[in-house]
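This briefing sets out the architecture of one protein chain, from its overall pattern down to single residues. Please read it alongside the sequence and the model shown here.

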Amino acid sequence: MRAACALGMNVAVIFYSLYGGTAALAAAVAQGAEQAGATVRLRRVADLAAIEDRWSTANERIRAAREHLTSVPPAQRDDLFWADGIAIGSPARYGAMCAEIRRFLDGSRQPSGDLAGKVASVFCSPSAVQGAQRATLQATLASLAGHGLLLQAPARAEMEPTSRAAQRDGPPRASADHAPAELDLAPARALGRRLALFEDRTRGQARRAGRAVGLCR
């Protein structure tokens, strides 16, 4: 068992999920960060439009996911400022982050650099489109870099988890934000732990460097 965070890390896990798959990954990331001793806020990004306006309400899976997510508070810009470490989750959209996450990040851009120096990582649910998951993760990392965040790239196993759904479904298609039962959540928990512990080490090093500067004066 690795040592818990010693400096009281705050980690915000912010995600968008339509069918519940990305939400399950987000919950696992949050669990991993908590296991490392961090204080965690799990937050969902709001829909761009009412679900009823975009998909049939007869879709039981969407409705079930929506009912489950009512207990998760909506993400606010203050969650980004509160956090020391930030994890952003999006379903893959043919290799691009979803519009909901894009709007949330673009709307949170601060010229004063309020997010600079914080640590961030990303995750997304598997896609049946070859390379879509990797492209989505890379695009999200690039967007976060524009905020001045320190990026912790996902490990290879986290970028390319085995997707039973992708293997079974045959021809490539857009990501369906796979069901939680089809996902391996262990890499997501590992990502949360590494994010919290990396931020802990970063702040510890900065604090030690500050003390060293003080001693040299």
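A residue is called buried when its relative accessible area is under 20%, exposed when it is over 50%, and partly exposed in between, with a 1.4 Å probe and protein chains only. The model is predicted: local features need pLDDT of at least 70, side-chain atom pairs count only at pLDDT 80 or more, and totals for chains, interfaces and linings use all residues. Residues are numbered from 1 along each chain as its sequence is written, and side-chain values use heavy atoms, with hydrogens and water left out.

**Overall organisation**

- The chain contains 9 helices and 5 strands; helices (H or I, at least four residues) and strands (E, at least two) are DSSP runs, numbered from the N terminus.
- Along the sequence these elements follow the pattern β-α-β-α-α-α-β-α-β-α-β-α-α-α.
- Of the 217 residues in the chain, 47% are buried.
- Contact means heavy atoms within 4.5 Å. Among contacts between residues at least 6 apart in sequence, 84% join residues at least 24 apart.

**The sheet**

- An open sheet of 5 strands has the order S2-S1-S3-S4-S5 and parallel pairing. Its edge strands, S2 (39-44) and S5 (150-151), each pair on one side only.
- Two strands count as paired if DSSP finds at least two bridges between them.
- Strand S3 (residues 85-89) is joined by 5 bridges to strand S4 (residues 119-123), and the two run parallel. Within this pairing, Gly 85 stands opposite Val 119 of S4, and Ile 86 has Ala 120 as its bridge partner.
- S3 is also joined to S1 by 5 bridges, again in parallel; here Ala 12 stands opposite Ile 86.
- In a regular strand the side chains alternate between the two faces of the sheet. In S3, Gly 85, Ala 87 and Gly 89 point one way, whereas Ile 86 and Ile 88 point the other way.
- S3 is mostly covered, with 5 of its 5 residues buried.

**Helices against the sheet**

- Helix H1 (residues 21-35) lies across S1 (10-15), S2, S3 and S4, and runs at about 175° to S1.
- Helix H6 (residues 132-145) packs on the sheet and touches S3, S4 and S5; its direction makes about 160° with that of S4.
- For these angles, axes are lines fitted to C-alpha atoms, for helices over the stretch in contact, and values run from 0 to 180 degrees between N-to-C directions.

- In helix H3 (residues 60-69), the buried residues are Ile 62, Ala 65, Arg 66 and Leu 69. Seen down the axis of H3, they fall within an arc of 100°, so they line one face of the helix; the arc is that of the directions from the helix axis to the C-beta atoms.
- Glu 60, Glu 67 and His 68 are exposed on the other side of H3.

**Val 122 and its surroundings**

- Val 122 lies in strand S4 and is buried, with a relative accessible area of 1%.
- Leaving aside residues up to four places away in sequence, Val 122 touches Ile 88, Leu 137, Thr 140, Leu 141, Leu 144, Pro 154 and Leu 191.
- Val 122 and Leu 195 are 73 residues apart in sequence and 9.9 Å apart in space, C-alpha to C-alpha.

**A charge over a ring**

- The charged end of Arg 41 sits over the ring of Trp 82, 4.1 Å from its centre. The criterion is NZ of Lys or CZ of Arg within 6 Å of the ring centre and within 35 degrees of the ring normal.
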